[in-house]
Amino acid sequence: MRVESLDEVLGPSGPIARSHPNYEFRPGQIEMAKAIETAIAERRHLAVEAGTGTGKTLAYLLPCLASRKRVVISTGTKNLQEQLFFRDIPFLERALERKLSVCYMKGRSNYLCLKKLAEIDEVGYLFSRHDPAHLERIRSWARGTESGDRAELAELPEDLPLWGRLDARRETCTGQKCRDWDACFVTQMRKRALESDIVIVNHHLFFADLALRQGDFGSVLPDYSVVVFDEAHELEDVATQYFGVMVSNYRIEELVRDAERALGEGEAASPFLSEQLARLAVRAGDFFGRFRAREGKSRLEELRASSEVRRAPAGRDDIGAPYRELVSGLGVVEAGFANLSIQSDAIQAVTRRAGELRTQLGEIFESESAECVYWFEARGGRGVFLWASPILVAPVLRERLFDRVDTAILTSATLATGGNFRFIRSRLGLEQADELVLGSHFDFREQAIFYVPRDIPEPRDERWAPRACLEIERILEASRGRAFVLFTSYAQMELVYGSLKGRLPYPMLVQGQKSKTGLLEEFRATPNSVLFATASFWQGVDVAGEQLSCV
Ligand code: SF4
């Protein structure tokens, strides 16, 4: 596509205008598309702030499609990924009257593992009385689905424990030795990606892949020369997670569960190791229990150099002994599995994972690095996540990303600071890049109301919930429902949803009831509905028209 043809395609008499019922001419969109086309042709990086309503999705899709290069498009959330693939791409195919070579990839745990599905009855799976019905639904879906992506099962609750027994995560995959390897949805997903010009991913998968490219397990994404980051203001946070180290109680619980299962397979039974696994579970419970006193994120405090561990939660310098017990328990499991006479893939995977957990706990509690921050998060009275996060991701990103790809396009509605990109570029290690700032297409003074309630207490204050509920009720009355009520934590969301349930004359939806796609579909289809949700609905969600009038 030549530069003029972007004008034609996006202009008032082009195919987009003819196909889109609400088409508006957006000069900023054409400017952005041309800047991207130039950046790709000249192998340069580009940062674009595109205010709301610019139409940035088409502005990057069109030059990427025309480039004839393999392009990875990385979005902030899975919702946005799905909107691109299931809505924007089909729209473009209709408008341009041709089939486009595009696919999407998500993290492995979104996909069904065929081997686990075939074996689930032997393993046992009952978590709730609804599980047999869920399993039946999954089985019948598995017979027809092409993608194996659980998002197609709109009615499946988001945090269904049963899914954890069926997903295709790396830790439990036996790879090419699996009898279902060829039919496997992950194998198929990779094959599609290799054959596609555009691969749509999310930032989590992108950075998980970038971190893996250096490691022992190879990459997930096919090679690419251009990458587009939508919602690029989130890159630093997500990259920090993947270039850091995290150990949670869930990882150890899963290890114990998978290890028991591996022992149960074939001739590997070992009463000694079964007992060691039971001990490990108890030790993990004791150790992680010491981090639960305070909900949310907290720093790990540095201890005296003579202590058994270098750092601990504030006021808990008693974690040294349980830490040693946990680490030695992992060591016993690692050595025990390594020495079993039968070395199945599952047994070897347990050895590797126990070793990884031991090393990573050491990095969090014993290392001397001044380049990391050490912290933990307690979530919902159940999950504890321990972290060592790099303070700066810029050097890693410069070396592994920006110096290696021909073109990186960073775009978002909020990327510049004071009209320039110095801050974000320094945080990300993006030394050379073209820059473009495009104002919003909308007139906010005329078209929007921004309202800040003045007398709501801090969220930690116990008066917060009743006051917030009253305020939300008043606002929803004014908007006649048609709203998203969004929170920074699940706990807040559930508290407010629970208090307002039955008090509002509008249909109420809450995150977790169904898959995200399922919730959005129901929201769009139900007049005056109100959706209560957390971070994944904060951005990249598109509900056109008055159905969503208030956030
Ligand atoms: S290859 Fe791995 S993920 Fe795929 S079906 Fe087999 S075990 Fe499951």
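1. L486 stands opposite A533 in β16. That pair belongs to the contact between β14 and strand β16 (residues 530–533), where four bridges join the two strands. They run parallel. Please keep in mind that this is a predicted model.

2. **The sheet around that pair.** Which strands form the open sheet, and in what order? There are three, ordered β14-β16-β15, with parallel pairing. β14 (483–486) and β15 (508–510) stand at the edges. Each has a single partner strand, so one side of each is left without a neighbour in the sheet. From one strand to the next, the twist averages 20 degrees.

3. **A helix on the sheet.** Helix α21 (residues 516–525) packs on this sheet. The helix touches β14, β15 and β16. The direction of α21 makes about 165 degrees with that of β15.

4. **Strand β2: buried or exposed?** Strand β2 covers residues 71–75, and five of the five are buried. The strand is therefore largely enclosed by the rest of the structure. Burial here means under 20% relative accessible area.

5. **Two faces of β2.** Side chains in a regular strand alternate between the two faces of the sheet. In β2, V71, I73 and T75 point one way. V72 and S74 point the other way. Residues on both sides are buried, T75 and S74 among them.

6. **Neighbours of β2.** Which strands does β2 pair with? One is strand β4 (residues 198–202), in the parallel sense, over five bridges. Another is strand β5 (residues 226–229), joined to β2 by four bridges and also running parallel. V71 takes part in both pairings. The bridge partner of V71 in β4 is I198. In β5, the bridge partner of V71 is V226.

7. **Two helices crossing.** Helix α4 (residues 56–67) packs against helix α5 (residues 78–96). Their axes lie 12 Å apart, at an angle of about 60 degrees. Why call the pair oblique? Angles from 65 to 115 degrees would count as roughly perpendicular, and those under 35 as roughly parallel, so α4 and α5 come out as oblique to each other. The crossing is right-handed.

8. **What makes that contact.** α4 contributes T57, L58, Y60, L61, L62 and L65. From α5 come L84, D88, I89, F91, L92 and L96. Sorted by class, the contact of α4 with α5 has 10 nonpolar, one polar and one charged residues.

Conventions:
Residues are numbered from 1 along each chain as its sequence is written. This is a predicted model: local features need pLDDT of at least 70, side-chain atom pairs count only at pLDDT 80 or more; totals for chains, interfaces and linings use all residues. Side-chain values use heavy atoms; hydrogens and water are left out. Buried means under 20% relative accessible area, exposed over 50%, partly exposed in between (1.4 Å probe, protein chains only). Two strands pair if DSSP finds at least two bridges between them. Axes are lines fitted to C-alpha atoms, for helices over the stretch in contact, and angles run from 0 to 180 degrees between N-to-C directions. Angles under 35 degrees count as roughly parallel, over 145 as roughly antiparallel, 65 to 115 as roughly perpendicular and the rest as oblique. A crossing is left-handed if the near helix is turned anticlockwise from the far one by less than a right angle, and right-handed if clockwise. Contact means heavy atoms within 4.5 Å. Ala, Val, Leu, Ile, Met, Phe, Trp, Tyr, Cys and Pro count as nonpolar, Asp, Glu, Lys and Arg as charged, and the others, Gly among them, as polar.
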